[in-house]
Amino acid sequence: MNTTTQTFAGTPWKQGIKDAIPLLGGYIPVAISFGLISVQSGFSVLETILISTFIYAGASQFLFVAMAASGAPLWLVVIMTLLINARHIVYGPNLSPYLNHDKKWLPLMHGLTDQIFALAHARLPQLPDQARLGWYTGAAMLAWLSWIAGTALGAIAGGELTQRWPLINDILPFALPALFFVLIVPRCNNRLWTLTIALSAVSAVILKVLGYPNVAIPLAALCGAALFYALKNQRDMGGR
Amino acid sequence: MDMSMWLALVSIAVGTYLIRLLPYLWMKRSLAKRQTEDGVGSMPTWLTILGPTMIAAMFGTSLVPTHSDIVSWLATGIGILVTFGVWKRTRSMGMPILCGVVAFGLVRFFLVF
């Protein structure tokens, strides 16, 4: 992605909030659905909000509620939900070259979701070192609070909301693929990266359509990485 | 929720946080160590490749519409084309996303509602 250092008007955290606004289109409808499903599964409004506040990981929250409601053994619930989040392992290391030694980064890692990682991976290299903590705080806090607020809304009035405004569930979530697209397309600046990214995206679509949404991201990413190495080796051997 | 459910909730919350925190700390230490040894701290190549491919994979999974019918796929295709077109012109983030969502919504609205 573009590594040119960018300056901006206003404070870094305000810029972070501004950059994270497109995330709301994806976060709020999903959070409303989670709130609604959690309450329907027997959790109280307060419990539902606490789940979103402290776990803060979409897919594993849905799984937690569904498995707990079906009476699955709790040790299995814990293992399965953590397995779904295992893909987050590569996020922190990828961002670490852009983060300084400030201790405030430690609690902020709670906010390192898929979307915040994608956003930070594209934006942090463009920001001056002293602006990164503020930028990340603004972006991550907006995402976290919108997730909690959406959950509360869903738990309290989710049924009525989705009935009255079906467009919330239908159209706003498109903000997420559009955001990921805008974040990844600048990487397609040569044949090697274009093919790598295209294969990762296409594999992810196929895996999800085939009914493997939880392994789609890590598996598709590995497919893309394998192609990258294969093409690079071929090119290096051809150059000898 | 009974006590065991709370315990499960806390375990998942702490586990998820550690999954996000510990690899970051490990890489931070590893980079600092390499910097003292070689004078340069660089990330392993596989990690720099896995970052963008993970984002591309997230893009792929988010592309699949909730209702897997022709109209939804058509709206998704047009939405992405519009997002790309506006991005090519502006090279910004907000406007392409907004236009993409509006295009997606218009196709859905006119063909479904």
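What is the volume of the largest pocket? In this predicted model, the largest pocket has a volume of about 1300 Å³.

**View 1. Lining of the largest pocket.** A total of 47 residues line the largest pocket, and those closest to its centre are A:Val30, A:Leu176, A:Lys208, B:Thr61 and B:Ser62. Sorted by class, the lining comprises 24 nonpolar, 17 polar and 6 charged residues.

**View 2. Surroundings of B:Thr61.** B:Thr61, one of the residues closest to the centre of the largest pocket, is located in helix α2 of chain B, which spans residues 45–63. Leaving aside residues up to four places away in sequence, B:Thr61 is in contact with A:Ala204, A:Lys208, A:Ala216 and A:Ile217. B:Thr61 has a relative accessible area of 8% and is therefore classed as buried, the cut-off being under 20%.

View 3. An unreviewed UniProt entry assigns the feature "transmembrane region" to residues 27–50, 62–85, 134–159, 165–185, 192–209 and 215–231 of chain A. Across residues 62–85 of chain A, the chain is 79% helix and 0% strand, with the end C-alpha atoms 12 Å apart. For residues 165–185 of chain A, the corresponding values are 71% helix and 0% strand, and 32 Å separates the end C-alpha atoms.

**View 4. Domains of chain B.** The domain assignment divides chain B into domain 1, residues 1–43, and domain 2, residues 61–113. A distance of 36 Å separates the C-alpha centres of domain 1 of chain B and domain 2 of chain B.

Methods. Residues numbered from 1 in each chain as written. Chains lettered and ligands numbered in written order. Predicted model: local features only at pLDDT ≥ 70, side-chain atom pairs only at ≥ 80, totals over all residues. Heavy atoms only, no water. UniProt positions renumbered as here; feature names shortened; annotations may be inferred. Helix = DSSP H or I, 4+ residues; strand = E, 2+ residues; numbered from the N terminus. Domains from an automatic or database assignment. 1 Å grid on protein atoms, 1.4 Å probe; cavity = no way out; pocket = protein on both sides within 12 Å on 5 of 7 lines; lining within 4 Å. Points joined across faces, edges and corners; volume = space filled by probe spheres on them. Nonpolar A, V, L, I, M, F, W, Y, C, P; charged D, E, K, R; others polar. Buried < 20%, exposed > 50% of the residue type's maximum accessible area, 1.4 Å probe, protein only. Contact = heavy atoms within 4.5 Å.
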